[in-house]
Amino acid sequence: MKRWFVLIILGVSQFVMVLDSTVMNVSITTVAADLGTDIGGMQAAITLYALTMAAFMLTGGKLGDKWGRSRAFRIGSVIYGLGSLTTALAPDLTVLLFGWSLVEGLGAVLVIPAIAALAAINYSGRDRVIAFSALGAITGFAAAAGPLIGGIMTTYSSWRFVFVGEAIVMALVLVFSGRIKDIPGDKKLRIDLLSVILSAAGLAILVFAMLQSKTWGWLIPLNPPEVGGVTVAPFGISPVAYLILIAILVLSWFLGRQRRLEAVGRVPLLKVSLLRIPALRSGLTMFLAQYFAIAALFFVVPVYLQTILGYNALETGLKILPLSLGLIVFSIIGSRLSTVRSARNIARIGQFTLGVGLFLVFAAVQPDLADWLFATGMFVVGAGFGLLASQLGNVNMTAVSKDDTSEVGGLQGTFQNLGSSFGTAIVGSVFILLLTSGFSATVQSSQTIPDDVKQQVAEATASGAPIISEQQAEQALLDSGATADEASEIAQRYADVQLESLRQALFVVFAITVVAIVLARGLPATIPVPAAAGSGDDPDADEDDPDQVAGT
């Protein structure tokens, strides 16, 4: 136990970091009602939480290099704990955005890179491989366990107590963190401020554009903003297209600056040369694809179960439970397979399995849930997730030397949270766009709905149709003066289009997941061979050679 005490501390911290967003997803309708907001507001909060981490994760890793990883870990734990308490006490969406999306996110950007670096510092040789594999499995398990924990707490108590619990756990982690071995930080290290601004601004603009696409449209302007009475849609193109272009230019500027800093011997925020390592490049992009799919699924499924079928948070968590079981079982199987199969082979199988699971979930999403098909699909999704989780973290960390593990930890967190923010933002946007256009079309084509009611519906959904239940839609129509027959017909049409739009959005996730199988081509194609007994006293000799690990 003493040997693994540090790993337990790091693992508990990793579990808390990942738990957050999955708890919020499964409790989405309850939290929205509690804070006086809607599903769109919660989508923004979930996306901005992931965005905060993605935008500043590299900076958090560099601060760990400067302060020392243990100090960064402790400071991040304090910030995260304060954010959790603020979230638990949030009276409205604004405070939730501050406490959860911002403060907790900023705490996480210090903790997550430090976890990877401290694991590398405290363990070597085979123990380090075990530590990285364990942390990867914990990440997946937390993502799967979150819905059940959140469902139980939300149904029988309050979602707020989850965040109180997180604050208590991080306080305990802080108490025992003195047992973690560290190496001194480089106090003379200079962090390039322009690089921080460019990376954060580029990613923020990109994700903001994706969030606004549901209102403004991707290319053709739907309901663009107005400034001084003038509609902002230059040359008839949606502002979203311009924002995406600006984001690409800013991020290109950021990458160019990193190359120049590295060329002149200054410390860049991102060592771009690391991305030339095939194993690391493939591992990171597969991380992004994996978390894109999971975040999208964890947004679509609770909306379907709670809004369309009327499930509560616990019932939603129980429906997601097969995913947890599949993840746990196949994380173990994946770790054992790594002795007889290459990481590339296992990752491809995992990504394909994830895609099959998503297709089964897509097929099960009907007006009446196909229970066994849905449960099977969620289990298969978990199996694919487990196989990927058993490989990618270890591949990424062993692709570089021990000195670069903090930076790779930051990169891994960046790609993971970019995937999460893209998954929630893009799929949420596609769903709402399909819902708005489909609902408007079906109402306008009706022969029985009066023209004045059609006009009211068109005006009410101009900025995007709300994600509400059929009963809520019918009541809103009655409150606005529609007759009982009109309200019933329109609400039924809304429910039909809502289900169809959800299925179409889910199919998009399935298609992207299947295409992402090609990303595995850079992963190691060789099976790791354990060092022979008596081969030497330096257990890190082979692990710290990225070319040898990557098989390149």
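Start your tour by selecting Leu193, which has its place in helix α8. Keep in mind as you go that this is a predicted model.

**Stop 1: Leu193**

**Stop 2: helices α3 and α8**

Next, select residues 193-216, which make up helix α8, together with residues 39-67, which form helix α3. The general idea for this stop is simple: a pair of packed helices is described by the angle between their axes and by the distance between those axes. For α3 and α8, the angle is about 160° and the axes lie 9 Å apart. An angle over 145° counts as roughly antiparallel, so α3 is roughly antiparallel to α8. Their crossing is right-handed.

Which residues make the contact? Show side chains on both helices. From α3 you will find Gln43, Ala44, Thr47, Leu51, Ala54, Ala55, Phe56 and Thr59. Facing them from α8 are Val196, Ser199, Ala200, Leu203, Ala204, Val207, Leu211 and Lys214. Colour this contact by residue type, and the α3 and α8 residues divide into eleven nonpolar, four polar and one charged.

**Stop 3: helices α10 and α12**

Move on to residues 278-308 for helix α10 and residues 343-364 for helix α12. Here the axes come within 12 Å and cross at roughly 15°. Angles under 35° count as roughly parallel, so α10 is roughly parallel to α12. Look along the pair and you will see α10 pass α12 in a left-handed crossing.

Show the side chains once more. Met286, Ala289, Ala293, Ile294, Leu297, Val301 and Tyr304 are the α10 residues at this meeting. Their partners in α12 are Ala347, Gln351, Leu354, Leu358, Val361 and Ala364. What kinds of residues are in the contact of α10 with α12? They divide into twelve nonpolar, one polar and no charged.

**Stop 4: Thr316**

For the last stop, select Thr316, found in helix α11, which covers residues 313-337. Thr316 is buried, with a relative accessible area of 0%. What does the side chain of Thr316 make a polar contact with? Zoom in and you will find the side chain of Gln306, at 3.2 Å. Setting aside neighbours within four places in sequence, Thr316 is in contact with Val26, Pro302, Leu305, Gln306 and Tyr311.

Conventions. Residues numbered from 1 in each chain as written. Predicted model: local features only at pLDDT ≥ 70, side-chain atom pairs only at ≥ 80, totals over all residues. Heavy atoms only, no water. Axes fitted to C-alpha atoms, helices over the stretch in contact; angles between N-to-C directions. Helix = DSSP H or I, 4+ residues; strand = E, 2+ residues; numbered from the N terminus. Parallel < 35°, antiparallel > 145°, perpendicular 65-115°, else oblique. Left-handed = near helix turned anticlockwise from the far one by under 90°. Contact = heavy atoms within 4.5 Å. Nonpolar A, V, L, I, M, F, W, Y, C, P; charged D, E, K, R; others polar. Buried < 20%, exposed > 50% of the residue type's maximum accessible area, 1.4 Å probe, protein only. Polar contact = N/O pair within 3.5 Å; in protein donor to acceptor, adjacent residues only side chain to side chain.
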